[in-house]
Amino acid sequence: MSSVKAEVRREEEKRTLTSIKEAGFQAYILVAVCICIMVLTMLLVNVTLTGIARVSTTLFLNYPSSNVDEAGMRPAILGSIYTVVLAIAIALPLGIATGLYLNEYAASSIVNRVIQITLVNLAGVPSIIFGLVALSFLSYTLVLGRSVIVGSIALAFLVLPLITVATIESARLVPLSHRLAAYALGARKYQVVLKVVLPRIMPTALTSSILAVSRAIGEAAPILVISGLIFVRRDPVSLLDEFTVMPLQIYNWVSRPQLEFRELSAAGIIVLLAILFALNILAIYLRNRLQQRVIE
Amino acid sequence: MSSSGKSHNNKEGYFLSINQSGKAIDKIVKFILLGAAMFTVAAIAIIVYSLVSESINFFQHISPLEFLFGTRWAAFFDDKAFGVLPLLAGTMLTTLIALGFAIPVGIGSAVFLSEYASTSLRRIVKPILEILAGIPTVVYGYFALYFITPNLQTFITDLSTYNALAAGLAMGVMITPTIASLTEDAFYSVPQYLKAAGYALGARKSQVIIRIVIPYTLSAVFAVIILAMGRAIGETMIVAIAAGLRPTLTLNPFESIMTMTAAIAQAATGDAPRGTVEYTSLFAVGIYLFAIVAILNTISSYLKRRWEIKYE
């Protein structure tokens with residue numbers, strides 16, 4: 001009898017222990033998620049409270065200045081727009097073409113494998129290395145200087161894997177029946193690729209290029225190496241002009257000790273984050289709309 | 001096409017010409033697409049070439065042994081020294097702090113998303129992680145310097161204004177979404193019958209997760225962690241802003257340190273005219289960094305591929 005009782009008691013103890021463990025595990029999961037939510041909230045609140053008073057037309061229209069009340073980031077905003085637009089103009093056609101080649105032509109050849117491996121490696125290269133190599137190869141060896149075009153090319157190759165992978169994934173989803181139907185009508189391979197596959201991957205290409213823009217617009221490290229922390233007091237006009245970009249201007253202000261410059265950097269961050277949120281909402285909206293249309 | 005050409009004699013020439021030009025266009029299109037694809041290969045080739053050729057110049061002045069095992073980095077002092085160990089220590093220190101934060105928080109969030117969250121909660125938490133993933137690293141640098149450090153200083157009194165701890169934590173926040181979302185993807189691939197078998201034996205949810213889901217996805221989770229580690233090692237702006245730009249050979253997280261990336265950033269912004277030893281030293285650090293990250297990425301993709309072959 002007593003041994004049965006002991007058995008029952010041990011069993012009960014075991015159960016309470018598992019219940020406690022279960023509760024502990026759930027608490028851990030909850031804490032983990034709460035940390036993510038809290039960090040984002042604190043970041044946004046801190047930045048907004050510090051910087052909102054300095055978000056004004058001065059910030060958008062003025063040139064950087066050592067006088068805080070007159071300082072703005074006009075050249076940085078223009079520099080960001082120029083470099084990022086140019087980078088996407090380079091990366092989008094290259095990325096789509098690479099993705100199409102990998103998915104449609106080089107089914108399992110050696111070329112395919114080599115390109116795939118380099119693609120994975122390119123995606124993993126630290127962004128500052130892109131800056132370093134662009135400085136050495138483009139700025140000095142090809143004598144392009146520390147200019148807008150060098151920054152754009154560095155950013156283009158930074159986002160190239162992103163666009164290529166998105167292209168491959170969406171090209172893979174084009175049904176075989178569509179290709180076969182085109183072939184049955186007598187289409188050549190290039191017609192299948194350009195008139196059947198390409199139109200169907202355009203929605204993904206568009207959304208991935210918006211995501212590429214939001215990645216590129218926040219990149220500071222490669223541009224820091226390429227342009228240096230120069231004091232730009234002129235709008236960039238030509239491709240060979242010196243330039244700076246928004247995150248770099250923010251970095252410049254963050255590294256100054258005065259409180260006013262901290263406020264200014266927070267104001268710059270508000271502008272940058274607002275642009276990023278807008279881009280992401282646009283990407284989500286386009287994805288939903290265009291995907292619906294394709295399905296219809 | 002050629003058969004239709006035969007059945008309509010009068011159109012034969014027309015079809016033939018289409019046929020011929022079609023063939024040519026086919027080749028041209030393929031060639032153009034291949035040419036575009038070659039840009040990727042060329043980019044990697046140029047990266048390796050530039051890093052190697054500039055590093056060779058560096059190693060003509062400084063011996064590789066002195067570089068790899070030297071304990072002092074002072075590229076811009078009169079008394080120059082190019083020992084990479086302090087930079088390596090700084091990189092490892094911040095990366096370990098980042099992983100120490102991001103692994104538990106990221107995997108916990110992944111478990112929450114895949115096993116516990118209702119659809120409506122998922123709809124709230126998932127975008128929060130996506131927003132965190134999209135925040136530029138300068139912003140995390142600002143956050144580390146002006147939020148994390150002052151708050152830590154209230155209970156760690158000997159924490160310097162610029163320190164490895166705050167930078168590492170901000171870096172941890174940066175890589176948490178990567179770990180969370182990729183781990184979550186792996187968790188979803190666990191077959192339902194395995195989990196059901198666990199529950200049928202009377203296991204609690206935590207037991208199913210710890211004994212079935214995590215062991216099943218272990219190599220995928222390792223792949224994700226190593227990938228995230230590579231990203232942390234390559235991160236520049238957070239450490240440049242918040243970690244202090246002072247090369248110290250230390251593992252004390254409360255001190256100012258300098259990482260490999262920060263050394264490159266600092267030298268690039270300072271005075272490192274082309275051709276000087278300081279300038280070429282950047283590329284030696286760069287190629288070291290590139291090699292570390294490339295090895296990590298290779299291990300990560302190897303683990304991932306092995307996992308995919310095993311379970312898919």
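**View 1. Helix 6 of chain A crosses helix 8 of chain A in a right-handed sense.** This is a predicted model. The helices here are helix 6 (residues 148–172) and helix 8 (residues 189–217) of chain A, and they pack at an angle of about 150°, with 9 Å between their axes. Angles over 145 degrees count as roughly antiparallel, so helix 6 of chain A is roughly antiparallel to helix 8 of chain A.

**View 2. Chain B meets chain A, with 69 residues taken from each chain.** On the chain B side, helix 2 (residues 12–61) gives the largest share, at 20 residues. The chain B residues that touch chain A come out as 45 nonpolar, 18 polar and six charged.

**View 3. Chain B is assigned two stretches, domain 1 (2–61) and domain 2 (73–311).** Taken over C-alpha atoms, the centres of these domains of chain B sit 39 Å apart. Where they touch, eight residues of domain 1 of chain B are in contact with eight of domain 2 of chain B. On the domain 1 side of that contact in chain B, the tally is four nonpolar, three polar and one charged.

Terms used
Residues numbered from 1 in each chain as written. Chains lettered and ligands numbered in written order. Predicted model: local features only at pLDDT ≥ 70, side-chain atom pairs only at ≥ 80, totals over all residues. Contact = placed C-beta atoms within 7 Å. Helix = DSSP H or I, 4+ residues; strand = E, 2+ residues; numbered from the N terminus. Nonpolar A, V, L, I, M, F, W, Y, C, P; charged D, E, K, R; others polar. Domains from an automatic or database assignment. Axes fitted to C-alpha atoms, helices over the stretch in contact; angles between N-to-C directions. Parallel < 35°, antiparallel > 145°, perpendicular 65-115°, else oblique. Left-handed = near helix turned anticlockwise from the far one by under 90°.
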